[in-house]
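Thank you all for coming.

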Amino acid sequence: QLQLVESGGGLVQPGGSLRLSCAASGSTLAYSATAWFRQAPGKEREGVSCISRNGGSAQYVDSVEGRFTISRDNAKNMVYLQMNELKPEDTGVYYCAAVRTFYDGTCFLERRSYDYWGQGTQVTVSS
């Protein structure tokens, strides 16, 4: 059973940076597409970025394109989200998610696509 634990959230000023980490245990991440989702107060959880199981393909929601970078290290069973030029609208709880896939070039930004979820880490962007 794959277990995911996020870390790296916190309070940051607008324009600042944070790096989120997602540590997997119980199974290897190497066969899973992974993604970062976020949920702001009163809003639905939305897909922010995803990466294919071999790291060769990634997607970003338009609002973070050019500011966020997703990456993974299968040898360490880790997924990362580097967030730069943070804005107040980036505030929310960030969740790591994973799903086994058969193809290297596949990942998804839809919540219903994922089977495994972490507990989330809070990111607050405020002056």
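What you see is a predicted model, in which local features need pLDDT of at least 70 and side-chain atom pairs count only at pLDDT 80 or more, while totals for chains, interfaces and linings use all residues. Residues are numbered from 1 along each chain as its sequence is written, and side-chain values use heavy atoms, with hydrogens and water left out.

Let me start with an open sheet of 4 strands, ordered E1-E3-E8-E7 and paired antiparallel, where strands are DSSP runs (E, at least two residues) numbered from the N terminus, and two of them pair if DSSP finds at least two bridges between them. At the edges are E1 (3-7) and E7 (68-73), each of which pairs on one side only. E1 and E3, residues 18-25, pair in the antiparallel sense over 5 bridges, and glutamine 3 stands opposite serine 25 in E3.

Turning to the interior, a nonpolar core is a set of buried Ala, Val, Leu, Ile, Met, Phe, Trp, Tyr and Cys residues joined through side-chain atoms within 4.5 Å, and buried means under 20% relative accessible area, exposed over 50%, partly exposed in between (1.4 Å probe, protein chains only). The largest core has 25 residues, and Leu4, Trp36, Phe68, Leu81, Met83 and Tyr94 touch the most other members. Its largest share, 4 residues, comes from E3.

Finally, asparagine 77, in the loop between E7 and E8, has a positive phi near 60 degrees and counts as buried because its relative accessibility is 13%. Glutamate 85, in the loop between E8 and E9, also has a positive phi, about 50 degrees, although it is not a glycine.
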